[in-house]
Amino acid sequence: MARCISRRRLIQYGLGTAATLATPELLETVWPRIGQGAVANQRELRSPFALKSHNGKLKLKLVCKPAVVDMDAVKLVRTNTYDGVVPGYTWALRPGDLLEVDLRNHLPEIPPQPHMTMDRPHKWTTTNLHTHGLPVSPSGIADNIFLEIPPGHRQRYEIPIPDDHPAGLFWYHPHKHGGVCQQIRAGMAGIIVIRGDLDHVPHVRAAKEKIMVLQSIELGADYELLEPIPDPTKEQAFFPRKNVLYTVNGKLKPKVTMYPGEVQRWRLLNAAEGKYMSLKLTGHDLHQIAWDGLTLHEPEATDVVLLSSGNRVELLIKAGKPGTYELVLTPGSSQKPNIPGMPESIPEHESELFCKLTGAMDSMAAAGLADEPPELQPRSILTLEVRGSGPEMHMPRSLPAFDPPILPIARKRYFRFTVARDPMNEFLSFGIDGKQFEVNNPAYRVTLGTAEEWTLVNDCDNKLMDHAHVYHIHVNPFKVIEVNGRKLSKPLWRDTFVLSKRSGDSLKFVSNFVDFTGKFVEHCHVLAHEDLGMMGSVEVVK
Ligand SMILES: [Cu+2]
């Protein structure tokens, strides 16, 4: 039974104790002024170590364990990791390969506490494995997020990669309900690369490849991972933190070196627990070639990309004149999502569900929420140094796009991401259509070999506060055709997509349910929301 959590507590769940977030040393090292140029002793970015498949198989051991990690911060970081490193090793595979994982959970037991119920952070050192974005089986010992591996236990996974798997950038992370946010904010995430057609496009193949795992590592005052609080007091948060480190491949502000006219392929993942990441590279266009491991028809230039938690984007960068440039991150949160690249909400007069904001804005200002907390202030997370010389490189004109035809639509579905409140407007829970996640809730059933059109509506209550969410579904990607009631001239293939903040904002998308039967989940990829109940089951049946 969900218990009342005061509005004040909801605020603290979202923003942490904003006033005490920044220490002076942190401000200096983590949030350097934008455009201040290269930092002395800045280290060249290193891609995570890659484990590659051989003879059709990648067999590996994956150990979940506490470790002390050097993130180039003022102190060493004590957190929970995969294999003692942050991020985890990259797994490189080809279509048709078998991925065999021997997962060993060496995380500590946590003492039982009251209030560790399904709708609160609970059992956050019990783990499992999700291969985000891979169209693979959700059943048995494949991408089955219903498995639970407690501390001291192990589990073997066998995940066959389909022969026709698209080439692209995917990732793995824990997905044990009640412990996802905690394990992701600790840094437990790694890249899965599937090699194939895109890698063979000559101008792509010629470009140096840089994997960039962007993380938001949430820590206490002594740079240690703090435990969640299932039953916080008014002064506490569910996921307490004092320091937030925005790292690239586990390091604060590394640098990348290019020569003028060089083209590099930057492969980015937002592996934050729930932060939105708006990114710009000073002096340069970003040429998008793929999103969520799904290749576009041609490179598309933009000056800003917005990555929701879970999104990947692949960019070709062509270095300009010699000089020093900055990759500038503007972070956003569910309740503070107004950052460059965020889709526009529906206009107030077009929204039936929209509630008048005036009163809410006043009370938010009174609660001290009008100013951005330090953890959301823009900062440079990587320096690009352009120097030297080399042969002029070029962009590809066309790409081997992922754009399969949609089967005839067999059924339409309307569903809502909901924030439940009691009659006194006190926060109760996150859910889907008012229901918090339970393993035994009936699943939404889809017939294998059909396509469906789904409309997801944001049913939060703007009278109290905004809530932007992120829709993610396992196993099958989807094609977004409408955002906030506006038809897209160019539909977008994704496995993760933002649902903007205003009540009544919506997404309409279509999806083919082919290849796999079985039960899996859809959820908000603001993983604190997921742990608090914003998840539902989907079952594909014959
Ligand atoms: Cu959400």
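Trainee: Is strand E25 mostly covered or mostly open, and how many of its residues are buried?

Mentor: Keep in mind that we are reading a predicted model. A residue is called buried when its relative accessible area is under 20%. Strand E25, residues 469-473, is mostly covered, with five of its five residues buried.

Trainee: Which residues lie on each side of E25?

Mentor: His 469, Tyr 471 and Ile 473 are on one side, while Val 470 and His 472 are on the other. Both faces are covered.

Trainee: Happy with that. Which strands pair with E25, and in what sense?

Mentor: The general idea comes first: strands of a sheet pair through backbone hydrogen bonds, either parallel or antiparallel. Here, E25 pairs with strand E28 (residues 496-499) in the antiparallel sense, over four bridges. With strand E30 (residues 518-524), the pairing of E25 is antiparallel too, over three bridges.

Trainee: Now another sheet, please. In what order do the six strands of the open sheet run?

Mentor: The order is E11-E10-E13-E18-E15-E16, and the pairing is mixed. At the edges are strand E11 (243-248) and strand E16 (294-302), each pairing on one side only. Ignoring direction, neighbouring strands of this sheet are turned by 20 degrees against each other on average.

Trainee: And in what sense do E10 and E13 pair?

Mentor: Strand E10 (residues 208-219) and strand E13 (residues 263-270) are parallel, joined over seven bridges. To find your place there, look for Glu 209, which stands opposite Arg 265 in E13.

Terms used:
Residues are numbered from 1 along each chain as its sequence is written. This is a predicted model: local features need pLDDT of at least 70, side-chain atom pairs count only at pLDDT 80 or more; totals for chains, interfaces and linings use all residues. Side-chain values use heavy atoms; hydrogens and water are left out. Two strands pair if DSSP finds at least two bridges between them. Helices (H or I, at least four residues) and strands (E, at least two) are DSSP runs, numbered from the N terminus. Axes are lines fitted to C-alpha atoms, for helices over the stretch in contact, and angles run from 0 to 180 degrees between N-to-C directions. Buried means under 20% relative accessible area, exposed over 50%, partly exposed in between (1.4 Å probe, protein chains only).
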